[in-house]
Amino acid sequence: MGCVSSKESRRRPQGYEDPNTLARETTFLYHTPVAVSVNEVEALYELYKRISYSITKDGLIHKEEFQLALFRNSNKRNLFADRIFDLFDLKRNGVIEFGEFVRSLDVFHPDTPVEEKIAFAFRLYDLRGTGFIGREELKEMVLAILNESELLLSDDAVEEIVDQTFRQADMNGDGKIDPDEWKVFASKNPALLKNMTLPYLK
């Protein structure tokens, strides 16, 4: 279950962390027996290995490998994928280590509180890290999501989506969405968080 031979442990890549520790520190432990949660983390390690050895083969997930895992194309640039990569890269060193991978995926676990999902989504849209979501940031993310979905909308339609979102979310009318306003907006619009839960993580 959590036992690893010394030969196998020598082959663990840089940034590897013990599944028992990660299970204790994440939602993978809550609401499940410890043995099951450790198995979940070990299964994530197998996924991590597949991604981290897909291009560079150094046991770390690079942005191109992350893109390849998400889109089956390592050359396809996408703001949405870039933002998720940046949020997963907790150490800000340009790669995702195993511990970062598990801790970041934790927010997508079905048992993770919705408040944590809302906070993660806010950071996703806060492109410049200012603590607010500006109109241009929202527009950039809307365009990235539409592009990924291969939906073609007119500039007027995109502007209408952004305007309508701001009318609903920017409750004090100061031209930016703060975390509290985002929380109220996301609570009223649960579809905004539909991609924040991955059922197979349970």
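Start with the record. The UniProt annotation "domain: EF-hand", from an unreviewed entry, covers residues 76-111, 113-148 and 157-192. Keep in mind that the model on your screen is predicted.

**Stop 1: the whole chain**

Show everything as a cartoon. The chain holds 10 helices and 4 strands. The order is α-α-α-β-α-α-β-α-α-β-α-α-β-α.

The chain exposes about 11100 Å². Carbon and sulfur atoms supply 54% of that area. Of the 202 residues in the chain, 41% are buried.

**Stop 2: two annotated spans**

Select residues 113-148, one of the spans in the UniProt annotation. This span is 72% helix and 6% strand. Pick the C-alpha atoms at its ends. They lie 27 Å apart.

Then select residues 157-192, also in the annotation. Here the make-up is 64% helix and 6% strand. The end C-alpha atoms of residues 157-192 lie 18 Å apart.

**Stop 3: α7 against α10**

Select helix α7, residues 114-125, and helix α10, residues 179-188. At what angle do α7 and α10 pack? The angle is about 115°, and the axes are 10 Å apart. The crossing of α7 and α10 is right-handed.

Show the side chains where the two helices meet. From α7, pick Glu115, Ile118, Ala121, Phe122 and Tyr125. From α10, pick Pro179, Trp182, Lys183, Ala186 and Ser187. Colour these residues by type. The contact of α7 with α10 has 7 nonpolar residues, 1 polar and 2 charged.

**Stop 4: Glu137**

Keep Tyr125 of α7 in view. Now select Glu137, in helix α8, residues 135-149. Is Glu137 buried or exposed? Glu137 counts as buried because its relative accessibility is 5%, and the cut-off for buried is under 20%.

Which residues does Glu137 touch, not counting those up to four places away in sequence? They are Tyr125, Asp126, Leu127, Arg128 and Phe132.

Finish with a distance. Glu137 and Tyr125 are 12 residues apart along the chain. Pick their C-alpha atoms. These are separated by 6.6 Å.

How values were computed:
Residues are numbered from 1 along each chain as its sequence is written. This is a predicted model: local features need pLDDT of at least 70, side-chain atom pairs count only at pLDDT 80 or more; totals for chains, interfaces and linings use all residues. Side-chain values use heavy atoms; hydrogens and water are left out. Axes are lines fitted to C-alpha atoms, for helices over the stretch in contact, and angles run from 0 to 180 degrees between N-to-C directions. A crossing is left-handed if the near helix is turned anticlockwise from the far one by less than a right angle, and right-handed if clockwise. Contact means heavy atoms within 4.5 Å. Ala, Val, Leu, Ile, Met, Phe, Trp, Tyr, Cys and Pro count as nonpolar, Asp, Glu, Lys and Arg as charged, and the others, Gly among them, as polar. Buried means under 20% relative accessible area, exposed over 50%, partly exposed in between (1.4 Å probe, protein chains only). Accessible areas come from the Shrake-Rupley method with a 1.4 Å probe; for residues, only the protein chains shown count as cover. UniProt positions are given in the numbering used here, feature names are shortened, and annotations may be inferred rather than shown by experiment.
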